[in-house]
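This briefing goes through one protein model, from a charged pair to helix packing and the chain as a whole. Please read it alongside the sequence and coordinates.

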Amino acid sequence: GLGGVPWGATDVAIEDKMASFFEGMEAFSAKISDERSMQVFYFAHATICLLRLIAQTSIHPRLSILVGTLQNAATDLWHFLLLLLVLYGGFLGLAMAQFSGKRGEFATPLSAFETLYEMMLGSLPESGEIPSQYWAFDPLIMVFAVAYNFLVFFIMLNFIIAIIVEAYMKVVEVIEANESEQEFLTDCSAVVIVSAKSLLHRWPSHGHLLTLLHGSIKTTVGYCELRTAYPSWRPASIRAFLEYYGRYDFMDAENIPRESAAKYNYMAPEHGGPSSDDLKLCDAVDELEKRVAVLLKTPVPSPAQKVILEKQLKASASATNG
């Protein structure tokens, strides 16, 4: 290294001392270069971690406003960026072609870029100590500055505000339409409580329950449906499950909107479908059949089996009357 050069040694030639010194300088420069490379690597790694952390906020509805807003505004922001680059490049070329010999702010592409960036944020070209150095002294510079501030500062920046606000309102509408969303800390506490109750009552995994719900064509799920799907599930545990989730307003069957029935192959009365009373009667019959099947530990008759049974009953009734 540099500290190992024997400058005071009389038996070492000066050429060897200089060679050792320059070797140490090269090694030192290489370490500085490696340190710079590692600094760039650490910065890139930390930036990626920060972006991943921001992306993870999209898991919760209330925290997804940032990611959701950027996703909804992505297309508009892309076209806004293209338009801004066109305007920025045009004003940059005009400034250098017209004022590079008069003003130091536009002498080089880098200085012109910095000046236009500061002007985009609301500032104006610097003025000197005498009137001839004021930016408003030259009519061309004054017209240039006013035009740039009007198009970029007043118009373009308000465009991006409008784009972001519109995208944010779309995210808010989605959040408000989500009946099950809650405050973040409330959800965290609910996760802890559900995990404890699941272990205590031995509830089925939520993955299996979601699969059951997605495969169901009914708008409501009660004791009979759960007992039929999970015969080994203890009744007391099922009641605890229904009591826990029944405390949420959005889980109440009476709060299911009428239009959601269309997703489950129900027709509205105005379109020739059954009335609300008919639907209630059908639901009551289905519920009674399921409860009897659960008590007798027999499968619930399928629609085809019901048709066959009805024909058999009619044939039996006809034979009896005959």
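R62 counts as partly exposed at 39% relative accessibility, where partly exposed lies between buried, under 20% relative accessible area, and exposed, over 50%, with a 1.4 Å probe and protein chains only. The model is predicted, so local features need pLDDT of at least 70 and side-chain atom pairs count only at pLDDT 80 or more, whereas totals for chains, interfaces and linings use all residues. Residues are numbered from 1 along each chain as its sequence is written, and side-chain values use heavy atoms, with hydrogens and water left out.

**The salt bridge**

- R62 forms a salt bridge with E181, and the closest N and O atoms are 2.5 Å apart; the term requires a side-chain nitrogen of Lys or Arg within 4 Å of a carboxyl oxygen of Asp or Glu.
- By this rule the count comes to 1 salt bridge.
- E181 is buried, with a relative accessible area of 19%.
- Because R62 lies in the loop between α1 (14-56) and α2 (65-72), and E181 in the loop between α5 (139-177) and α6, the pair ties together parts that are 119 residues apart in sequence.

**Packing of α6 and α9**

- The axes of helix α6 (residues 184-201) and helix α9 (residues 235-246) come within 10 Å and cross at roughly 170°, the axes being lines fitted to C-alpha atoms over the stretch in contact and the angles running from 0 to 180 degrees between N-to-C directions.
- The two helices, α6 and α9, are therefore roughly antiparallel to each other, a label given to angles over 145 degrees.
- On α6 the contact (heavy atoms within 4.5 Å) is made by A190, I193, V194, K197 and H201, and on α9 by S237, A240, Y244 and Y245.

**Helix α4**

- Helix α4 (residues 109-120) has 12 residues and reaches 16 Å from its first C-alpha to its last, close to the 16 Å expected at 1.5 Å a residue, where the expected span is 1.5 Å times one less than the number of residues.
- The buried residues of α4 are S111, A112, T115, L116, M119 and M120, and what covers them includes α3 (74-99) and α5.
- Just after α4, G122 takes a positive phi of about 115°.

**The whole chain**

- The protein chain has 11 helices and 0 strands, both taken as DSSP runs numbered from the N terminus, with helices (H or I) of at least four residues and strands (E) of at least two.
- Buried residues make up 22% of the 322 residues in the protein chain.

Conventions: Parallel < 35°, antiparallel > 145°, perpendicular 65-115°, else oblique.
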